[in-house]
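Subject: Structure handover

Hello,

Here is the structure I said I would pass on. My notes on what was found in it follow below.

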Amino acid sequence: MSEEKKPARKIIETSKDMGRYMAEYYYELNDAAKTGKQKIAWCTSVGPTELLRAMGFLVYFPETHAAMLGTSRMATDLIPHANALGYSPEVCSYMTSDIGAYLKKTTPLSKAFPGIESIPKPDVLVFNTNQCRDVQDWFSFYAREFNVPIIGVHAHVGVKDATEPIIRDIATQIENLVEPLEKTSGNRFDMALFKETVRNSRKCSDLWKEILETAAAKPSPLTFFDAATLMGPAVVGRGTTVAVGLYEKLLAELKQKAAARDGAIENEKFRIYWDGMPVWGRLGAHSKLFSGLNANVLASTYCSSWIFTSLDPDDPFRSMAKAYTELFIVRSDDYKEQYIEEKLKIYGIDGIIYHDAKTCPNNSNCRYGLSKRIQKSTGIPTLSIDGDLCDMRLVSDEQTKTNVEAFIEQLSEMKG
Ligand code: SF4
């Protein structure tokens, strides 16, 4: 089938509102950085953003910027500049491409949002190592460059259950951030405002969960490739009422599509689960590849990472500690297996793709036998594809295409 004739995924109208939201988000940061009228905190994508917002900071997420370096395919050329400083080509390509962009004084923001010339300078850098150690190294680079404070939470990893001692420890670490944040922001900590921010964050998270779950409908009104960009507000807007409003609108649209049996791709025959990071530089190409085979990649571990069902405005510190410890990436393989098996049932999955991302072992779950164990327990076929989130030198398009086509053929034979 020629490229032109391949059925593409359908437009989700609310995605236009999401685009406008992201523009406003970056222009506000740009304005604050230029005028100094509001302090800016940089935060890791699953860091304690609720606290930062409640303390009056605008919050910038370098990972979202790095994902843009990936989608714009600028990353591959920028990574060697970080390698030259001693950052290995084997470590997180979000980090190395972002550092490379900084060194080369370039950003995809300039093209996406005219008038923005650079990333916003931080007043403080706040990390949580719940996802990986790389984020701390990444932020440490900028702490040296900008000579600003770096503070953070050191998480527990390989967690089977979020037990009381773990929650107590993380809650204390989050509380300990208050004092340095007061110093940087010049604002006093306000518990009422903090609770309100956590309330908004929980609402955003609940809506995002419902949005992703619309993909359980047959056919699914949503693809993983849509969700990977629609998740913008769940990452950068947690704790705000704007993100809540946007997701209410998106949920209504997707529910209406599901009721009308209006699938995200034409003629959905195969339902696929994606584990691991997106290949940002191939998001569109992969969307076309799968939809051209009538396969809808409709659910993922990755996009569900911004669901925080434990957030509780009445117990903000402890509930944040619990929510950010229950994250999939921090958990033991026993937990991960159970989690994925449950999702396969909810979404009626025919096959699983594991993205083995070369520079992100933390988000690659097919290296220690997990994929084979799940295949054995569920009978659902799996395919691992080698690749990367940002470094396109590690991606073989031909090999991916051949493997995916053979995999879908296998699913087709199984379905008879
Ligand atoms: S989880 Fe992976 S992609 Fe994300 S910052 Fe860590 S190493 Fe990079």
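Burial comes first, since several of the notes use it: a residue is buried if 20 or more other C-beta atoms lie within 10 Å of its own, exposed if 12 or fewer, and partly exposed in between, with C-beta atoms placed from the backbone. S377 counts as partly exposed because it has 13 C-beta neighbours inside 10 Å.

Two remarks on the source. This is a predicted model, in which local features need pLDDT of at least 70 and side-chain atom pairs count only at pLDDT 80 or more, while totals for chains, interfaces and linings use all residues. Residues are numbered from 1 along each chain as its sequence is written.

Helices and strands below are DSSP runs numbered from the N terminus (H or I and at least four residues for helices, E and at least two for strands). S377 belongs to helix α17, residues 370-378. Between the C-alpha atoms of S377 and E337 there are 9.7 Å in space and 40 residues in sequence.

The ligand

Around the ligand are E63, C92, Y94, Q131, C132, D134, V135, C360, N362, N363 and L389. To count as near a molecule or strand, a residue must have its C-beta atom, placed from the backbone, within 6 Å of it. By class, this shell has six nonpolar, three polar and two charged residues. The classes are as follows: Ala, Val, Leu, Ile, Met, Phe, Trp, Tyr, Cys and Pro are nonpolar, Asp, Glu, Lys and Arg are charged, and the others, Gly among them, are polar.

In helix α4 (residues 75-83), the buried residues are A75, T76, L78, I79 and A82. Viewed down the axis of α4, these buried residues fall within an arc of 155°, so they line one face of the helix. The arc is that of the directions from the helix axis to the C-beta atoms. The buried residues of α4 pack against α3 (62-71) and α5 (93-103); contact here means that the C-beta atoms of two residues, placed from the backbone, lie within 7 Å.

Helix α5 is mostly covered, with 10 of its 11 residues buried. Those are S93, Y94, M95, T96, S97, D98, I99, G100, A101 and Y102. The buried residues of α5 pack against α3, α4 and α7 (134-146). Just after α5, K105 has a positive phi of about 55°.

Helices α10 and α15

Helix α10 packs with helix α15 (residues 316-325) at an angle of about 35°, and their axes are 10 Å apart. Axes are lines fitted to C-alpha atoms, for helices over the stretch in contact, and angles run from 0 to 180 degrees between N-to-C directions. The crossing of α10 and α15 is left-handed, a term for a near helix turned anticlockwise from the far one by less than a right angle (clockwise is right-handed). F194, K195 and V198 of α10 meet P316, S319 and M320 of α15. That contact of α10 with α15 consists of four nonpolar, one polar and one charged residues.

Backbone exceptions

Most residues other than glycine have a negative phi, and most peptide bonds are trans. The peptide bond from K218 to P219 is cis, with omega near 0°. P219 sits in the loop between α10 (191-213) and α11 (224-230). R261, although not a glycine, has a positive phi of about 55°. The loop that holds R261 runs between α13 (241-259) and β5 (270-275), and R261 counts as exposed because it has 10 C-beta neighbours inside 10 Å. N294 is also not a glycine and has a positive phi, near 60°. It is found in the loop between α14 (283-291) and β6 (295-300).

What does M55 contact, leaving aside its neighbours within four places in sequence? The contacts of M55 are L181, S185, N187 and F189. M55 lies in the loop between α2 (49-54) and β2 (58-60) and is buried, with 24 other C-beta atoms within 10 Å. From M55 to F189 it is 134 residues in sequence and 6.0 Å in space, C-alpha to C-alpha.

I385 is in strand β8, residues 382-387. With 21 other C-beta atoms within 10 Å, I385 is buried. Leaving aside neighbours within four places in sequence, I385 is in contact with I353, H355, D356, T400 and N403.

Regards
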